[in-house]
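Below are some notes for a colleague who is opening this structure for the first time. Please read them with the model on screen.

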Amino acid sequence: MKFIAKLFPEITIKSRPVRKRMIQRLQSNIHNILKRTSEEIRVQGFWDKVEISLDDNSAEMRDLIIDELKRTPGVAHFIEVQEFPLGGFDNVFQLTREAYAERIKGKTFKVRVKRSGKHEFKSPELERYVGGGLLEHADAAGVDIRNPEVWVDLEIKDQKLFIVQETFKGLGGYPLGSQQEVLSLISGGFDSVVASYMTMRRGCKTHFLFFNLGGAAHEIGVKQVALYLWQKFGSSSRVKFVTVPFEEVVGEILQSVHHSHMGVVLKRMMMRAGEQVANRMKIEALVTGESIAQVSSQTLPNLALIDAATDKLVVRPLVVMDKQDIIDVAMDIGTYDFAKCMPEYCGVISDRPTTHAKIDRLEEEEANFDDDVLEKALQAAQIISINDIVEDVNSHAKVEALSKVSENQVIIDIRAPHEQEKKPLNMPGCEVLAIPFYSLGSKVESLASDKEYLLYCEKGVMSQMHAQQLQDNGYQNIKVFRPAV
């Protein structure tokens, strides 16, 4: 079997050295991916295409190759072809009739010839000859030069004839690794995942940086979607997954920063941390999933102040995209279900957040922040290869969530103090402890071992994540409380 991958159009307008480099990169990427399917695969790069061939003609192998090529950045479209010596016009017609007779039966058609090399005929001459023969010797409904039901596609290169069996749409974009590396701040939601996909599609080797705000369960969920994204669109290159524990940073913000500026300060802390991680990895750009005015921290004035926290280039692929368009992309690339099952983290919820922060006020608020907390988080950062995630994401189970409370059970409200004050949890007849999530780790040892503790937060996200983390640490008397709706 043989496939011909056509280049993304923007590649063809590059200078000769750049185009040559991109074709070589695309050839290498396709070979790296497909050799896992078969060691016998042959991949050759040419000035305007990449050819993939294999002696194995099984349907299973064909489907595997098609699936991989559809997901390879740099391929505009690709065709499955049969290859023959060119011969004369009648030879071309006979081979074409054999390949297309059944497909054009009862349908309109048009012959289309693409030719490169030196020949004694022109493409329209061969189109007319083959088209006339098919009209006379096949049971077609006729020729339609404007809107045919079937295109009869032939490609000729020098003395070779390629009869196109089927055409498939590719991913487009630039070959992965043809652009500089980036570090994507990924939370597992729709935006950051789609932003990561878009930089991968644009040819950037995309590493993942996760700020853990909610324990082991949250981390596992994000690792799972990052692994999926890499396996589907970026497996031709090895990348890293970096985890920075940010719970204490959030706790410090909640205690030291005015609630109206919490969101912007948190993003600036992430930028500072991201810059240091990127420096370690020798990466010059950070990627985020922010879109103008989607939330209060993403207004233009606030984004400018967030950018000012780092000297790195901040790339925002979604900056002018509508939320529904972002969700549509997530559905197309297969990450919708991941994001849908990963509700937004409910750790830093600003009360009447500012949409137009001022640098003087922001610096005043940040002066109250203990920088040692951020430094401690960075020292605890973990960097692993993306392919080492598999074992980790399959080893955790969800914690049981209960809607009723028995005599031996105590509810722990893990929301931040201002959330508890604004919307108290009223549970008559039940013991309720108020322990903010950032204090759980230090206080869990003092809890009675003969009771069960049910963690509660309004959205049910932090509670699940922290309960999972505590169970992983050996506290099997920790569960989740989720009131019945």
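1. S237 is buried, since its relative accessible area is 10% (buried means under 20%, exposed over 50% and partly exposed in between, with a 1.4 Å probe and protein chains only). S237 sits in the loop between helix 7 (215-233) and strand 11 (240-245); helices (H or I, at least four residues) and strands (E, at least two) are DSSP runs, numbered from the N terminus. Not counting residues up to four places away in sequence, S237 touches L176, K205 and W230, where contact means heavy atoms within 4.5 Å.

2. The model is a predicted one, in which local features need pLDDT of at least 70 and side-chain atom pairs count only at pLDDT 80 or more, while totals for chains, interfaces and linings use all residues. Residues are numbered from 1 along each chain as its sequence is written, and side-chain values use heavy atoms, with hydrogens and water left out.

3. S192 belongs to helix 6 (residues 190-201) and is buried, at a relative accessible area of 6%. Its side chain reaches two backbone nitrogens: that of S187 at 3.0 Å and that of G188 at 3.5 Å. Leaving aside neighbours within four places in sequence, S192 is in contact with S184, L185, I186, S187 and G289.

4. Which residues of helix 10 (residues 300-307) are buried? They are N302, L303, L305 and I306. Seen down the axis of helix 10, these buried residues fall within an arc of 160°, so they line one face of the helix; the arc is that of the directions from the helix axis to the C-beta atoms. The buried residues of helix 10 pack against helix 9 (262-281) and helix 13 (359-366).

5. Two backbone angles deserve a look. Most residues other than glycine have a negative phi. D158, in the loop between strand 7 and strand 8 (160-169), has a positive phi near 55°, and at 42% relative accessibility D158 counts as partly exposed. K282 also has a positive phi, near 60°; K282 is found in the loop between helix 9 and strand 12 (285-287) and is exposed, with a relative accessible area of 75%.

6. I145 lies in the loop between strand 6 (142-143) and strand 7 (150-157). With a relative accessible area of 60%, I145 is exposed.

Key:
Polar contact = N/O pair within 3.5 Å; in protein donor to acceptor, adjacent residues only side chain to side chain.
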